[in-house]
Amino acid sequence: MGQIEKVMDNPDGATIIKAKKGKMVIIKLDDITFRLKEQQNFSFLEKYGKAFWCVDETGSGCICIGMENASKRYFLKIAGVNTIEADVTPEESVKILKDAVPMYYDLKHPVLVKMVESYVYKQFYIAVFEWADGECLFDHWNFEKYKKDNTIKSPKERFKGLPASKKIIVADVLFSFLDNVNKKGYVAVDFYDGSIMYDFTTGQTTICDIDLYRKSPVINDMGDWYGTKRLKAPEEYIKGSIIDVQTNIFTLGALLFEFFGSFSASETEQRYVQNRFLPCTCDNWQLNRESYQVAVKAVSASRNERYKTFREFYREWKGALKESGL
């Protein structure tokens, strides 16, 4: 929780923590606690039942809360609450979530988390989704826990250890989802393993975050575009570049390397140092050589050398796997 200097109990029930990174408030809601930069009242959530789960370390400025009643579970994103890791102001957070809501309807897909309702409440904007079981494949809010106890395997590690056949099914899901995004005239922005949930019991995949997706055409107006350096295409570092289906094809190709390739810690670190994705060697690829070559083409530095469409990419990918009976 950071380097704490002083802890005080607030009369309204919250605990205020003064830390070197700034003031934090510990808020208790039913059986969960979470941290914000200021006190907020969440009693308006009672209509959804009781809180049972929460993530408070979000750059989006949203608090994510799981609520349940006797018959139903819900996933709530609440913008405008001033989270401790926010990269945007509460006002910007509200605008981003509000703008994102129509996309959950436009991009409806069997694996996309389903919207229930959305509305304004005071200074907040709330988006309510059906609860989807599963674990996030890049749960950064739990990293400290894994560091402290190396007997706990992260969902990413557990997923990595699954049989290739199960991971291929997840790859099929991502091909389908991203092809749908492209066909609907959108570009997937900030799409990475942190947007993917996997249920280790049922094998179900869920896409849980499309908040930064944009309608085509999209131009990189930032330079260092949204997303993790582990998966970025070259154009996502160049201001004025086109961000389009070829960019999303690169991202999926990079994710395939995350699923089926092996990288040392230093190799992963180089992506951050060099601002450049580099595939693993074929010797460190779990599948056959043909599928490796397909993935390599998808992550070509030159966009003109990548696949033109997801349909073409998928056809080549499945054809390569068929060579080894997968």
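**A buried glutamate and the parts around it**

With a relative accessibility of 12%, glutamate 258 counts as buried, where buried means under 20% relative accessible area, exposed means over 50% and partly exposed lies in between, computed with a 1.4 Å probe on protein chains only. The model is a predicted one, in which local features need pLDDT of at least 70 and side-chain atom pairs count only at pLDDT 80 or more, while totals for chains, interfaces and linings use all residues. Residues are numbered from 1 along each chain as its sequence is written, and side-chain values use heavy atoms, with hydrogens and water left out.

The side chain of glutamate 258 meets that of lysine 156 in a salt bridge, at 2.7 Å from N to O; the term stands for a side-chain nitrogen of Lys or Arg within 4 Å of a carboxyl oxygen of Asp or Glu. This pair links distant parts of the chain, 102 residues apart, with glutamate 258 in helix H5 and lysine 156 in helix H3 (residues 155-160). Helices (H or I, at least four residues) and strands (E, at least two) are DSSP runs numbered from the N terminus.

The whole structure holds 21 salt bridges. In another of them, aspartate 224 and lysine 232 meet at 2.4 Å, N to O; lysine 232 is buried, at 3% relative accessibility, whereas aspartate 224, at 39%, is partly exposed. Salt bridges that share partners also join Lys156, Asp193, Arg230, Glu258 and Arg271 into one network. Between arginine 214 and aspartate 221, the closest N and O atoms of the salt bridge are 3.9 Å apart, and both arginine 214, at 26%, and aspartate 221, at 44%, are partly exposed.

Helix H5 (residues 245-260) also holds threonine 251, which counts as buried at 6% relative accessibility. Leaving aside residues up to four places away in sequence, threonine 251 touches Phe191, Leu231 and Glu236, contact meaning heavy atoms within 4.5 Å. Under that sequence limit, phenylalanine 191 touches Leu174, Phe177, Leu178, Ile196, Ile207, Tyr213, Leu231, Thr251 and Leu255.

Three strands form an open antiparallel sheet in the order E10-E12-E13. Strands E10 (135-136) and E13 (205-207) stand at the edges with a single partner strand each, so one side of each is left without a neighbour in the sheet. Two strands pair if DSSP finds at least two bridges between them, and two bridges join E10 to strand E12 (residues 196-198), where methionine 197 is the bridge partner of cysteine 136. Helix H4 (residues 164-183) lies across E12 and E13, running at about 30° to E13; axes are lines fitted to C-alpha atoms, for helices over the stretch in contact, and angles run from 0 to 180 degrees between N-to-C directions.

Elsewhere, strand E5 (residues 50-55) pairs with strand E6 (residues 62-68) in the antiparallel sense over five bridges, with isoleucine 65 in E6 as the bridge partner of cysteine 54. E5 and E6 form a hairpin with six residues between them, and glycine 61 in the turn has a positive phi of about 80°.
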